[in-house]
Amino acid sequence: MPEADDNMITFTLDGEEITVPEGTTLLEAARMIGKEIPVICYHDATTANGLCRVCVVDVNGGRLLQPACIAECQHDSIVETRNERVERNRRTILEMLNSAVDLSQGEAIQEMMMDYGVDESRFPDAKRREHDIHDDNPFYVRDYNQCVLCWRCVQVCAEDAQYTFALTLGERGYDTHVATAFDIGMMDSPCVFCGQCIGVCPTGALKPKTEWGLEQGMSPDEIRQMTRIPRRRKENTE
Amino acid sequence: MQTMITLDEILNDYIGRKRDALLPVLWDVQTAFGHIDAEAVHQISHTLRVPEADIYGVISFYTLFHDEPTGETIIRVCTDPSCGLAGADDMLNGLCSRLGIHHGETTVDGQFTIEHSACLGLCEHAPAALISWRGIGEQSIAPVSDTDVLLNGTDNAQYESIIGGDAPVLLAGVDTYAAQRLKNYGDYVALRKAINDSSPENVIAEVEESGLIGRGGAAFPTGMKWRFTRQATGQPHYVVCNADESEPGTFKDRVLMEARPHLLLEGIALCGYAIGAETGYLFIRGEYPEAMQRMQAAIDEALEVGLLGDNIMGSDFSFHIEIRRGAGAYICGEETALFEAIEGKRGFPRIKPPYPTTHGLFGKPTTINNVETLCAVPGIITNGAAWFKAFGTEKSTGPKLVSVSGHVNRPGVYEISPGITLRELLNDYCEGVTGELQAVLMGGAAGTFLTPDEIDVRLTFEDLRKAGSTFGSGAIVVFNTETDLRDVLVRLGRFFRHESCGKCFPCQLGTQRQVEILERLDAPLPDDRSRLEDIGWTMTESSLCGLGQTAASAVLSAIEKWPELFEKG
Ligand SMILES: Cc1cc2nc3c(=O)[nH]c(=O)nc-3n(C[C@H](O)[C@H](O)[C@H](O)COP(=O)(O)O)c2cc1C
Ligand code: SF4
Ligand code: SF4
Ligand code: SF4
Ligand code: FES
Ligand code: FES
């Protein structure tokens with residue numbers, strides 16, 4: 001038994017007693033001992049907001065499950081990362097997500113769906129979240145039919161990296177979507193085309209134009225045409 | 001009278017202010033012009049130094065803000081359960097067909113926009129409506145007698161407060177139409193006693209001793225919350241009064257604010273004194289224009305005579321109260337979402353911990369309490385904890401307000417000694433159920449159903465918990481046997497779909513999938529019940545905040561009590 005130490009936490013993770021520094025999240029602790037907990041919204045480079053909840057785990061059989069990506073390890077707790085309750089929650093979240101969004105290009109999510117036995121037709125007649133494809137600039141295409149609302153793009157565009165604030169979230173609830181101010185095109189927004197948002201998107205929602213063009217079966221010439229950078233617009237006409 | 005004001009004139013008042021002035025400035029622009037357009041957002045962005053995209057995100061989050069032109073007059077008719085029972089759908093449809101539009105649309109002449117609305121907190125006068133007059137502001141109308149009053153307005157929209165119960169304390173001496181003025185309320189006796197004869201620690205000790213439990217729904221001990229805040233390092237400390245009251249079926253806080261504004265102000269000031277704060281915010285939902293006006297008038301009265309402001313009663317205690325107006329979002333009643341709203345953001349709940357007592361408004365130690373909770377404090381300080389404990393039971397001390405609506409002969413706000421039974425409340429105080437009782441929804445949309453053989457439950461926190469039920473926000477909605485409970489469930493489902501903030505997946509997706517199934521309960525698919533259970537338990541166990549955690553509570557309790565509702569036929 002490790003000594004009780006002010007700055008160390010000892011607890012049981014899937015039957016294994018482990019000791020970690022205070023402030024360690026359950027996700028980090030699980031990774032230390034080589035255990036996988038599924039994540040969708042979590043990313044090492046962005047602030048964890050605990051949005052997707054597929055990482056939930058059972059702590060002491062409590063009424064609420066805990067999101068492993070943000071919940072910190074607690075002394076003497078008993079944590080189960082995968083039991084019946086956890087599976088039901090993860091599977092249902094994935095089934096609901098799958099009934100709303102095109103997940104076909106989210107590789108990790110596809111694997112998760114297999115792992116949790118997702119029934120792809122669990123919610124017949126479900127209203128999907130449908131959006132027009134935004135093809136409004138030479139650099140990248142936004143296809144929010146594939147957006148899971150992990151917020152990563154909004155975050156890297158703002159305080160997590162870029163401080164450009166081109167993006168926000170519009171509306172709320174099921175209708176929530178990533179947006180620019182008044183849905184203006186990217187060329188009219190403050191976007192500097194740094195590409196950071198594309199890099200963190202877990203699905204095919206944000207895609208470099210070249211990749212998108214190839215997928216659409218365009219020829220290299222057509223792609224070149226499409227990605228030609230127009231002369232810089234005049235800044236601030238006021 | 002309609003006043004003409006320009007955008008520049010509005011923005012002049014905001015020069016030098018920061019993001020937390022965003023909701024106030026958006027309200028000013030919205031009221032003046034009926035919507036907030038791209039040019040206004042551009043200018044606001046310059047004045048407050050907030051990115052345009054963020055401002056757009058905020059506008060599109062709140063129901064009462066519009067980024068596109070609307071009619072000169074916006075009429076919102078409540079279609080939540082209590083109003084639904086009182087014929088709200090007919091009223092709304094009648095209005096739409098008279099104007100030749102659907103709800104959500106504007107007449108071609110630009111005169112009227114019609115929308116349906118979530119509960120307006122006027123359930124005892126159902127059906128209720130809220131009207132926005134461009135250039136003037138909002139007005140509540142209840143009950144709505146016919147479509148004429150909606151189109152023409154009325155000079156006297158003053159509904160009467162209907163009150164009763166066995167323990168008139170918070171509601172003592174209420175004039176049913178007007179706010180109690182300072183000359184009738186008298187001195188802030190409790191505040192004077194605290195400042196002159198008592199230390200902040202003693203005030204906290206007295207509140208702890210009283211056993212007062214928060215009335216906002218989470219049932220947290222008030223004294224303990226105050227102690228945690230007082231002890232927290234970090235300055236300044238803030239008091240926030242939660243007057244967002246948007247839980248369907250709940251209207252007690254509106255009645256308190258409209259009838260006894262000084263009682264609330266004194267309670268907020270006492271909290272400020274106890275926790276060491278100099279600023280209090282009173283966050284009132286945007287749908288309560290009357291309460292807002294009356295509270296502002298009371299603040300002005302109190303400032304005038306030095307009961308609020310600098311060096312209150314000649315002491316070194318200074319305390320100011322600022323009203324902030326919500327803009328249509330039930331989620332902003334959740335304490336951390338409310339902080340976000342005051343800070344000028346979308347009303348997204350924060351992850352807890354950390355808790356408000358250490359990291360609250362502007363990241364500072366904050367006590368946030370419900371209106372009724374704060375209204376209970378002056379009595380405790382003036383009369384002592386023992387007096388307060390004489391009402392109710394050992395664990396549910398003090399008088400408690402409940403809002404009763406639906407099928408009772410006298411819907412209204414009742415102040416009870418916890419311990420009387422639900423049956424006594426309905427029969428002895430509310431003058432009985434109209435028709436034959438079928439079900440009672442306890443705690444509002446986020447609550448649970450009770451059946452007729454369960455109404456002998458004593459109304460205390462502990463007895464209700466034992467019965468698998470809850471006081472919640474104090475809402476009690478009564479349904480007789482004529483009511484189609486499936487229709488009630490659909491209304492509840494629509495409410496949650498509309499009010500989910502969309503931050504976390506289980507609730508953002510689950511509230512939509514849930515209502516889709518509820519809407520087809522008259523001809524359900526095989527396995528719809530198990531779908532509802534999976535959605536319901538997933539929202540309950542995995543959601544980020546209390547909204548999602550209770551968004552299936554009524555449905556799950558209905559499945560347990562009336563499984564036949566979820567089968568074919
Ligand atoms: C979705 C949601 C809505 C809420 N709405 C309100 C409200 O309108 N008024 C209120 O006082 N508390 C509301 N609460 C509870 C608050 O988060 C908080 O617990 C309360 O204001 C604390 O005050 P109390 O300790 O005096 O009860 C709500 C909670 C949730 C999750
Ligand atoms: S590419 Fe544009 S939208 Fe994406 S992060 Fe960079 S600035 Fe923001
Ligand atoms: S576009 Fe991609 S990164 Fe942005 S929220 Fe959607 S899924 Fe996440
Ligand atoms: S539970 Fe619902 S309201 Fe609460 S954070 Fe999640 S989506 Fe928003
Ligand atoms: S990964 Fe933990 S909530 Fe998304
Ligand atoms: S005002 Fe309509 S249900 Fe409350």
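The shell around ligand 3 in this predicted model consists, by class, of twelve nonpolar residues, one polar and one charged; here Ala, Val, Leu, Ile, Met, Phe, Trp, Tyr, Cys and Pro count as nonpolar, Asp, Glu, Lys and Arg as charged, and the others, Gly among them, as polar. Of the 14 residues around this ligand, C147(A), C150(A), C153(A), C201(A) and A205(A) come nearest, where a residue is near a molecule if its C-beta atom, placed from the backbone, lies within 6 Å of it.

Around ligand 2 there are 13 residues, of which C157(A), T164(A), C191(A), C194(A) and C197(A) come nearest. This shell has nine nonpolar, four polar and no charged residues. Helices α4 (152-157) and α5 (196-200) of chain A each supply at least two of its residues; helices are DSSP runs (H or I, at least four residues), numbered from the N terminus.

Turning to chain B, helix α10 (residues 200-210) has V203(B), I204(B), E206(B), V207(B) and S210(B) buried, that is, with 20 or more other C-beta atoms within 10 Å of their own, all placed from the backbone. These residues lie on the same side of α10(B) because they cover an arc of only 160° around the axis, the arc being that of the directions from the helix axis to the C-beta atoms. Just after α10(B), G211(B) takes a positive phi of about 75°.

Residues are numbered from 1 along each chain as its sequence is written, with chains lettered from A and ligands numbered from 1 in the order in which they are written. As the model is predicted, local features need pLDDT of at least 70 and side-chain atom pairs count only at pLDDT 80 or more, whereas totals for chains, interfaces and linings use all residues.

Definitions and conventions:
A residue is buried if 20 or more other C-beta atoms lie within 10 Å of its own, exposed if 12 or fewer, and partly exposed in between; C-beta atoms are placed from the backbone.
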